[in-house]
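The sequence and structure are kept here for reference.

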Amino acid sequence: MKTEGKPTLRRDARRNQERLLAAAAEAFREKGLAVPLEEIAQRAGVSAGTLYNRFGGREALIDAVMPELVAERMNEAMRRAEAIDDPWESFVTYVTVLCEQQADDPAFRDAISRQLQDAPELTARCTAELAKSVQLLERAQRAGTLRADVTSEDLLLLIFTNALIVRETVESKPDAWRRTLSFSLAGLRAGCGS
């Protein structure tokens, strides 16, 4: 029996899939997207074969788990930014919240910095969510507080750079990214090096 082109799962298969998705979300948040798939299967209480049978591999599992998490995180950043009237502070809040989320959540850090290009659903969601930030960028530019030459690609590079800094310093200096971000934001402000 099929529903909407997909086979209906047996109850035990559906339960295994739900356990795998929950275990993957937990493992990804703790260790990032490179966590061994065997560890995810073990956490779910199933064999690695069950994981591969259900999802085929890492990319499909990531696509099943991460797009929703990315949307939640990025929507939170956008909500917080949009609650601020000042265009510069709104932009700074958005960028800072994204960077905080990268520091707190290895899965989000890997996803938003495009660590896995072979997960098409995740890549599409990241692209769509980051595109929403253009309104904050343009609003700050119209207000004359953000350098006119800053582009959405610059924002992507800032997010990618922050991911690298967090990844390398999370154990030894967990707040090192804040200092680097403050330098970057100062350089993006209109009247500073433009």
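Predicted model: local features only at pLDDT ≥ 70, side-chain atom pairs only at ≥ 80, totals over all residues.

Entry on the helix pair. I looked up helix H2 (residues 37-44) and helix H3 (residues 48-55), and found that their axes come within 8 Å and cross at roughly 105°. Angles of 65 to 115 degrees count as roughly perpendicular, and H2 and H3 are therefore roughly perpendicular to each other. On the H2 side I listed Leu-37, Glu-38, Ile-40 and Ala-41 as making the contact, and on the H3 side Ala-48, Leu-51 and Tyr-52. Sorted by class, this contact has 6 nonpolar residues, 1 charged residue and no polar ones.

Entry on the salt bridges. I noted a count of 12 salt bridges.

Asp-105 lies in the loop between helix H5 (87-104) and helix H6 (106-112), while Arg-29 is in helix H1 (residues 11-31), so that the pair, 76 residues apart, links distant parts of the chain. Asp-105 counts as buried at 1% relative accessibility, whereas Arg-29 is partly exposed at 38%.

I then turned to Arg-178 and Glu-100, which form a salt bridge with their closest N and O atoms 3.4 Å apart. Arg-178 belongs to helix H10 (residues 176-188) and Glu-100 to helix H5, 78 residues apart. Arg-178 is partly exposed, with a relative accessible area of 40%, and Glu-100 is partly exposed at 22%.

Lastly, I recorded that Glu-26, Glu-30, Lys-31, Glu-39 and Arg-43 are linked in a network of salt bridges.

How values were computed: Residues numbered from 1 in each chain as written. Heavy atoms only, no water. Axes fitted to C-alpha atoms, helices over the stretch in contact; angles between N-to-C directions. Helix = DSSP H or I, 4+ residues; strand = E, 2+ residues; numbered from the N terminus. Parallel < 35°, antiparallel > 145°, perpendicular 65-115°, else oblique. Contact = heavy atoms within 4.5 Å. Nonpolar A, V, L, I, M, F, W, Y, C, P; charged D, E, K, R; others polar. Salt bridge = Lys/Arg side-chain N within 4 Å of Asp/Glu carboxyl O. Buried < 20%, exposed > 50% of the residue type's maximum accessible area, 1.4 Å probe, protein only.
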